[in-house]
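User: I'd like to learn how to read helix packing in a model. Can you walk me through one?

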Amino acid sequence: MNYKIQLLSFLFSFLYGVFFYFTSLLNYKFIKKLNKIFQYAITFAYMLNIAIIYICLSFKINNGNIHPYFIFMVLIGFAAGHKFKKVLKKNVKFYESVVRRKN
């Protein structure tokens, strides 16, 4: 694998981790009022779909070479998404108005 494909795979894995974080938040918001059995079933289906989408997209980018450091980049992207959400909550006034209107 040449360096361009590897860098593209790193970037894709990082951005996919951020995407994974925000879709996880949406998943939680949608299922938090459901029965526990339905929560587990929907979360299992969600995780399975996220994994399949990641594998399919990585096949398109680098012919399916999934290394452990790409998975590590997904985890770093997930953590960066969490930090990004905290920064948005502190610095963006619009977020507070949206939360107030929602409740």
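User: What covers the buried residues of H2 here?

Analyst: Keep in mind that this model is predicted. The general idea first: an α-helix has 3.6 residues a turn, so residues three or four places apart point the same way. Now the case here: the buried residues of H2 are Gln39, Tyr46, Ile50, Tyr54, Ser58 and Asn62. Their cover includes H1 and H3.

User: How many residues does H2 have, and how far does H2 reach?

Analyst: H2 runs over residues 36-62, which is 27 residues, and spans 38 Å from first C-alpha to last, close to the 39 Å expected at 1.5 Å a residue. Just after H2, Asn63 has a positive phi of about 60 degrees.

User: And H1, which of its residues are buried?

Analyst: Among them are Ser9, Phe12, Ser13, Tyr16, Phe20, Thr23, Asn27 and Ile31. The buried residues of H1 pack against H2 and H3.

User: At what angle do H1 and H3 pack?

Analyst: About 45 degrees, with the axes of H1 (residues 3-31) and H3 (residues 68-91) 7 Å apart. An angle between 35 and 65 degrees is oblique, which is why H1 counts as oblique to H3. The crossing of the two is right-handed.

User: Which residues make that contact?

Analyst: From H1 they include Gln6, Phe10, Phe14 and Gly17, and from H3 they include Tyr69, Met73, Gly77 and Lys85. By type, the contact of H1 with H3 has 15 nonpolar residues, eight polar and one charged.

Note on methods. Residues numbered from 1 in each chain as written. Predicted model: local features only at pLDDT ≥ 70, side-chain atom pairs only at ≥ 80, totals over all residues. Heavy atoms only, no water. Axes fitted to C-alpha atoms, helices over the stretch in contact; angles between N-to-C directions. Helix = DSSP H or I, 4+ residues; strand = E, 2+ residues; numbered from the N terminus. Parallel < 35°, antiparallel > 145°, perpendicular 65-115°, else oblique. Left-handed = near helix turned anticlockwise from the far one by under 90°. Contact = heavy atoms within 4.5 Å. Nonpolar A, V, L, I, M, F, W, Y, C, P; charged D, E, K, R; others polar. Expected span 1.5 Å × (residues − 1). Buried < 20%, exposed > 50% of the residue type's maximum accessible area, 1.4 Å probe, protein only.
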